[in-house]
Amino acid sequence: MSEFVEAFNRHDAPALAALFTDEAQFINIYGTVMKNRSGIEEGHAKAFSSRLAPAKLVLRGVERKSVSESVSTLYGTWDLSQPSNGDQTKLVPSGSGILTVVAQCTNAGRWLLAAGSNVRQSAPPS
């Protein structure tokens with residue numbers, strides 16, 4: 001999860017995508033589905049060159065739920081900040097959310113992300 005945030009803050013789509021398995025799927029806060037490592041890289045490259053260009057992500061905490069010795073689900077709470085002097089109509093708004101990922105340990109002992117979904121936290125309707 002920390003490697004994800006580091007790659008995000010460098011706006012390094014190839015490094016972020018390399019954290020995923022070849023067959024992974026990622027769903028962003030807008031519900032856009034990115035399939036396979038190449039789709040995850042392409043989707044983040046587009047976002048980093050536009051609406052996420054000045055964005056910074058801070059990881060507030062991570063909760064891990066082990067499914068087995070080689071599979072875990074991670075829940076990372078995050079804060080996203082954007083500069084106040086940017087064109088807010090073209091940026092992902094600052095806010096908070098939860099990144100949920102399923103991580104699996106490969107035969108080589110490296111953990112990779114097999115699936116991920118990102119949601120923005122907001123107050124429920126009254």
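User: Phe-4 first: buried or exposed?

Analyst: Phe-4 is buried, with a relative accessible area of 4%. Buried here means under 20% relative accessible area, exposed means over 50%, and partly exposed is in between, using a 1.4 Å probe and protein chains only. One caveat before we go on: this is a predicted model, so local features need pLDDT of at least 70 and side-chain atom pairs count only at pLDDT 80 or more, while totals for chains, interfaces and linings use all residues. Residues are numbered from 1 along each chain as its sequence is written, and side-chain values use heavy atoms, with hydrogens and water left out.

User: OK. What else is buried in H1?

Analyst: Besides Phe-4, the buried residues in H1 are Val-5, Ala-7, Phe-8 and Asn-9. Helices (H or I, at least four residues) and strands (E, at least two) are DSSP runs, numbered from the N terminus.

User: How many aromatic pairs are there?

Analyst: The whole structure has 4. In one of them, the ring centres of Phe-4 and Phe-20 are 6.5 Å apart and the planes are at 70 degrees, so that pair is edge-to-face. The rule is that rings of Phe, Tyr and Trp (its six-membered ring) pair if their centres lie within 6.5 Å; planes under 30 degrees apart count as stacked, over 60 as edge-to-face, and the rest as tilted.

User: Which parts does the Phe-4 and Phe-20 pair tie together?

Analyst: Phe-4 is in helix H1 (residues 2–10) and Phe-20 is in strand E1 (residues 20–27), so the pair ties together parts that are 16 residues apart in sequence. Phe-20 is buried too, with a relative accessible area of 0%. Its ring also pairs with Phe-26: the centres are 5.9 Å apart and the planes are at 80 degrees, so this pair is edge-to-face. Phe-26 is buried as well, and Phe-4, Phe-20 and Phe-26 form one aromatic cluster.

User: Switching to the sheet. What's the strand order?

Analyst: It is an open sheet of 6 strands in the order E2-E1-E6-E5-E4-E3, with mixed pairing. Strand E2 (33–35) and strand E3 (56–68) are the edges with a single partner strand each, so one side of each has no neighbour in the sheet. From one strand to the next, the twist averages 15 degrees. Two strands count as paired if DSSP finds at least two bridges between them.

User: How do E5 and E6 pair?

Analyst: Strand E5 (residues 95–105) and strand E6 (residues 111–120) are antiparallel, over 9 bridges. Cys-105 has Trp-111 as its bridge partner, and Ala-103 stands opposite Leu-113. The hairpin has 5 residues between the strands, and Gly-109 there takes a positive phi near 85 degrees.

User: And E1 with E6? How many bridges?

Analyst: There are 4, and those two strands run parallel. Ile-27 stands opposite Ser-117 in E6.

User: Which strands do H1 and H3 lie across?

Analyst: H1 lies across E1, E3, E4, E5 and E6, at about 150 degrees to E3. Helix H3 (residues 36–48) lies across E1, E2 and E6, at about 50 degrees to E1. The axes are lines fitted to C-alpha atoms, for helices over the stretch in contact, and angles run from 0 to 180 degrees between N-to-C directions. Contact means heavy atoms within 4.5 Å.

User: Back to Trp-111. What lies over its face?

Analyst: Arg-64 does, at 5.2 Å from the ring centre. A charge sits over a ring if NZ of Lys or CZ of Arg is within 6 Å of the ring centre and within 35 degrees of the ring normal. The Arg-64 side chain also makes a polar contact with the side chain of Ser-72 (2.9 Å). That term means a pair of N or O atoms within 3.5 Å; within protein, one must be able to donate a hydrogen and the other to accept it, and residues adjacent in sequence count only if both atoms are side-chain atoms.

User: Where is Ser-72, and what does it touch?

Analyst: Ser-72 is in strand E4 (residues 71–81), and it counts as buried at 1% relative accessibility. Leaving out residues up to four places away in sequence, Ser-72 touches Arg-64, Lys-65, Ser-66, Val-67, Val-101, Val-102, Ala-103 and Trp-111.

User: Last one: what's the phi of His-11, and of Asn-36?

Analyst: Phi of His-11 is near 55 degrees, positive in a residue other than glycine. His-11 is in the loop between H1 and helix H2 (13–17) and is partly exposed at 23% relative accessible area. Asn-36 isn't a glycine either, and has a positive phi of about 70 degrees. Asn-36 belongs to helix H3 and is partly exposed, with a relative accessible area of 37%.
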